[in-house]
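Reader: I've just opened this one and I'd like a friendly tour. Could you take my questions as they come?

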Amino acid sequence: MLLLNKTLLKLARGLWSDILAIAAVSFLALVGSTALSEIVAGFLGSLFAPADALSGAGDAFRAALLAAAATFAAQLLKGLLEYRTAARARTRMRQTIFSKVMALDAGGIEQIGPTAAITASVDAVEQMQSYYSIYLPSLFYSIAAPVYLFFRLKRISLPVAVLMLVVSLVLLPANNLFRRKIEQIRRRYWRALEDMTGYYLDSLRGLTTLKLFDRDREHSRVLGEKADILNRNINAFMKINFTSFLSTEALIYASICTALALCSARLHAAEAMPIAQALSVLMLSYSYFAAIRQLMSASHGALTAISAAGKVEEILDMDTSRPYDPGLPGDPAHFDGIHMAGVSYGYAGRARAISDISLDIPRGKTVALVGLSGCGKSTVASLLMRFCDPASGRLYLEGRDYQSLSPEEVRRHIALVPQQVGLFSGTIRDNLLLARPDATDAALLDALSEAGLLDFVRTLPDGLDAQVGNAGAALSGGQRQKMGIARALLSEAPYLIFDEATSSVDPQSEQEIWQTIARLSHSRTLVLISHRMSTIRHADCIYVLEKGAVAQRGSHEQLMAEDGLYRELVTRQQAMEEVSA
Ligand SMILES: Nc1ncnc2c1ncn2[C@@H]1O[C@H](COP(=O)(O)OP(=O)(O)OP(=O)(O)O)[C@@H](O)[C@H]1O
Ligand SMILES: [Mg+2]
């Protein structure tokens, strides 16, 4: 009934002094306005005895001015405090959400969806901040205000004071009757907002593709429909809001009328009530309900905040911890390199991507993974990088169980050039320094040269300081891949994994990059994943994956001698190359 929410209260840490300060100044404003009402009522009442009114006018005027100034100052301060609290609440909540999202490991963001992560930290935070700047202060205030006013009114008329207190106590639960319905609509509103934002984001990202297939009008129509659904939900919300407003206002006015009727009766009674007191009752009744009205309107905001908090809770409650036990036993085989023993893994909601894979990556050697698209090569790379943990089986890095090392420790030993290189807005230098923050310009240029990107960088007027654009949009697909390779060269990790490192580059660059990789094989341990069979033929050991399992293993010569997928892939590719030559 008090709309206290666990997540919102947890996030309120550090904001309590602001919340209580707002409630305190609201109370001061109430004391000021009550005094003003009583002074004005007293003065108006005295008009019936003009002589008294004239002598008391000066005092009444000064007192009223003082009360009005104090009320005004308190209101001003309240506004300022609300503004400051809202700003602090926003910052704190965003920091908490951002640090949680950043703590998610690869794949984590897919579990919640990037759109949900964005709406949680933008819209949800906007909706939640009013809980701290408006709702919680109103809650404290609306407990104190009726009690204070009860004692002010009791002196004039006990029945009226009791009536007001009872009605103010009933109003809140009556208002809450609408809550369930409002919450339902809120949930529908959130789903509609997320659906529309997600579709909009997808359409923006894929605008080129949509134009390519002339589907942009279709997307714009669907977007219009989704906006309509959102609008309908907003309208439904406004309707129920209005109904709740109407019924509570009716109750308020009915009780004010009853209070007036009681006072009128007393005006004519034997023990007549002075007119000034009757006027006080009238004016204080309004103040009485102002506190409750404020809480009721704030509780609509609080409901919104609670449903938004539900979204944020899903993110904050995500388990970002990873299995970690430094005491785990080491590799029984004492393998010098990376040893994968009977590993299986499946993505959430999907069939197993790989099952019971065992493979050895000896230190200093080059190992290749080949197989048809979707056979699980990138999944093996993800496991080797500890982006995910196996469902069963174990991995060992130079004798130590992967789960006795933190993901960060694993990644200090192993670097990956992924299929899709991630670049950030900023300069070429910024993007390279990600791999080694203390690298000198000479080292950066060396890495670019090895990756075959130096000539391009030299043509840029800003050189290393040239901007790569949003997510590297100002670079071609091949240039982005070369940036990924340059990063891997800069990293000091002794193990390097290349996942289709040259799939987007021209034949000339491809040749250069493979020459670089060949040179690297003298100093580092390499895992090569490539569709181009000719590039991996010199690997010390080749694993052929088929439907998530190891189908064959051996050197190129050994595998060519076998009647299996490897020989089939090699001969098919040779035939294709001959046709296109
Ligand atoms: N994030 C994901 N969520 C769900 N399923 C996934 C995910 N990534 C990959 N898969 C599935 O796991 C299987 C193995 O995918 P993987 O990316 O490892 O294949 P691959 O051998 O690298 O293919 P390619 O040669 O096309 O890169 C595929 O069936 C794929 O659909
Ligand atoms: Mg892949």
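Reader: Which residue in strand 4 is the bridge partner of Ser-344?
Author: Keep in mind that we're looking at a predicted model here. Strand 1 and strand 4 pair in the antiparallel sense, over 5 bridges. In strand 4, the residue bridged to Ser-344 is Ser-392.

Reader: How many bridges join strand 1 to strand 2?
Author: Strand 1 covers residues 337-346, and it runs antiparallel to strand 2. One pair to look for is Tyr-345 with its bridge partner in strand 2, Ile-354. The number of bridges joining strand 1 to strand 2 is 7.

Reader: Which residue in the turn of that hairpin has a positive phi?
Author: Strand 1 and strand 2 form the hairpin, with 5 residues between them. In the turn, phi is positive, about 80 degrees, at Gly-349.

Reader: In what order do the 4 strands of the open sheet come?
Author: Start from the edges, where a strand pairs on one side only: these are strand 2 (352-362) and strand 5 (400-401). Strand 5 pairs with strand 4 (residues 392-397) over 2 bridges, in the antiparallel sense, and Leu-397 stands opposite Arg-400 there. Strand 4 also pairs with strand 1, and strand 1 is joined to strand 2. Read across, the order is 2-1-4-5.

Reader: What about helix 9 and helix 10: is their crossing left-handed or right-handed?
Author: The axes of helix 9 (residues 216-267) and helix 10 come within 10 Å and cross at roughly 165 degrees. That angle makes helix 9 roughly antiparallel to helix 10. As for its hand, the crossing of helix 9 and helix 10 is right-handed.

Reader: How many nonpolar residues does the contact of helix 9 with helix 10 have?
Author: Ile-252, Ile-256 and Leu-260 are among those on the helix 9 side, and they belong to a contact that includes Val-281, Leu-282 and Phe-289 of helix 10. No charged residues turn up in this contact, and 4 are polar. The nonpolar count is 11.

Reader: At what angle do helix 6 and helix 9 pack?
Author: Helix 6 spans residues 158-176, and its axis lies 10 Å from that of helix 9.

Reader: Last one: which helix gives the largest share of the shell around ligand 1?
Author: Of the 13 residues around ligand 1, those that come nearest are Tyr-347, Ser-373, Lys-377, Ser-378 and Thr-379. By class, the shell has 3 nonpolar, 7 polar and 3 charged residues. The largest share, 3 residues, comes from helix 11 (residues 377-384).

Key. Residues numbered from 1 in each chain as written. Chains lettered and ligands numbered in written order. Predicted model: local features only at pLDDT ≥ 70, side-chain atom pairs only at ≥ 80, totals over all residues. Near = placed C-beta within 6 Å. Nonpolar A, V, L, I, M, F, W, Y, C, P; charged D, E, K, R; others polar. Pairing = 2+ DSSP bridges. Axes fitted to C-alpha atoms, helices over the stretch in contact; angles between N-to-C directions. Parallel < 35°, antiparallel > 145°, perpendicular 65-115°, else oblique. Left-handed = near helix turned anticlockwise from the far one by under 90°. Contact = placed C-beta atoms within 7 Å.
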